[in-house]
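Q: I'm new to this one. Can you walk me through it?

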Amino acid sequence: MFLYLSKLLPLFFYPLGLASMSLVVALITIRKQPRIATGAIALGLVLLLFCSNAWVAKALVRSLEWQNIPSQQMPNAEAIVVLGGATKSASFPRPAVDLSESGDRVIYAAQLYRQKKAPLIILSGGRIDWRGSGQPESTDMASILTSLGIPTQAIIEEPNSLNTYQNAVNVKQILQSRSIKQILLVTSAMHMPRSLKIFQRQGIDAIPAPTDFLVTQGELQELVNTPKAALLNLLPDTDNLHQFTSALKEYIGSFIYRLRGWL
């Protein structure tokens, strides 16, 4: 039940959800209480304009992504742990497993392995039943890695996790069974602050190896290159709204996980 609530309830606190509820209130009250309806419409509009401009969205994303940027070359460890959320199953009409928006996690893990940063790759992720059918995410990630030439004997699957907390708990069991003390933790840069704290709370010596950065120094510079660019980046954009929502999701997730005592 917690899994369902943790995924569904926050939707009503995201910009699109709040704006939609404001419009519903406006529709209900527009005849008998026009002032309330006007206020609800204004709230929905302000939410969408504020949360979908590049200045606000990139600032919020950066506050998460830039927390764990490696200050030096990635060190060696005993295993590379990759968290799920990086693939789409081979459901019709896909001919094979696809990489999702976070697919950089799998590619980066392969690169670290080829750089001999660790001899094992642990893939952690199941599949939530209402988010599409198919194999566990760990199996999908394994198929991508083997297609990239990573040997199967270097891959360990953990197919039962349905959230980041379960990732840490289940991976800990694998590490203990193999006497592995230190890992490189690979996940999206925005997801790293919460993930790292959860793994550390489990007593795992995890070195952050973030990837899938959405905000770069160059993109921030583009915001202020010219007065025209600064003005244009205030305009609403669906990609900015998505980035803002993703960052807000991480902050809400951290709050909920802290209440649960998971980080």
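What follows is a short chat about the model.

A: Start with the ground rules. This is a predicted model, where local features need pLDDT of at least 70, side-chain atom pairs count only at pLDDT 80 or more, and totals for chains, interfaces and linings use all residues. Residues are numbered from 1 along each chain as its sequence is written, and side-chain values use heavy atoms, with hydrogens and water left out.

Q: Which residues touch the most other members in the largest nonpolar core?
A: Ile 80, Val 82, Leu 112, Ile 121, Leu 123 and Leu 145, out of 26 residues in that core. A nonpolar core is a set of buried Ala, Val, Leu, Ile, Met, Phe, Trp, Tyr and Cys residues joined through side-chain atoms within 4.5 Å. Buried means under 20% relative accessible area, exposed over 50%, and partly exposed in between (1.4 Å probe, protein chains only).

Q: Which elements give two or more residues to this core?
A: Strand 1 (79–83), helix 5 (104–114), strand 4 (121–124), helix 6 (137–147), strand 6 and strand 7 (205–211). Helices (H or I, at least four residues) and strands (E, at least two) are DSSP runs, numbered from the N terminus. Helix 5 gives the largest share, 6 residues.

Q: What do the buried residues of helix 5 pack against?
A: Strand 1, strand 3 (98–99), strand 4, helix 6, strand 6 and strand 7. Among those buried residues are Val 106, Ala 109 and Leu 112. After helix 5 comes Lys 116, with a positive phi near 65°.

Q: Back to Ile 80. What does Ile 80 touch?
A: Its partners include Ala 109, Leu 112, Leu 184 and Val 186, not counting residues up to four places away in sequence. Contact here means heavy atoms within 4.5 Å.

Q: New topic. How many salt bridges are there?
A: The structure holds 3. Each is a side-chain nitrogen of Lys or Arg within 4 Å of a carboxyl oxygen of Asp or Glu.

Q: Where do Asp 140 and Arg 127 sit?
A: Asp 140 is in helix 6, and Arg 127 is in the loop between strand 4 and helix 6, 13 residues apart. Their side chains meet in a salt bridge at 2.8 Å, N to O. Both are buried.

Q: And what does Glu 250 pair with?
A: Arg 194, with the closest N and O atoms 2.9 Å apart. Glu 250 lies in helix 11 (residues 238–260) and Arg 194 in helix 8 (residues 192–201), 56 residues apart. Glu 250 is buried at 8% relative accessible area, and Arg 194 is buried at 8% too.

Q: What about Arg 94?
A: Arg 94 forms a salt bridge with Asp 98, the closest N and O atoms being 3.6 Å apart. Why is Arg 94 called partly exposed? Because its relative accessibility is 32%. Asp 98 is partly exposed as well, at 31%.

Q: Okay, Gln 182. Where does Gln 182 lie?
A: In strand 6 (residues 182–188). Gln 182 is partly exposed, with a relative accessible area of 25%. Leaving aside neighbours within four places in sequence, its contacts include Asn 76, Ala 79 and Ile 207.

Q: Last one. What is Ser 22 in contact with?
A: Ala 40, Leu 43 and Gly 44, leaving aside its neighbours within four places in sequence. Ser 22 sits in helix 2 (residues 15–29). Ser 22 is buried, with a relative accessible area of 7%.
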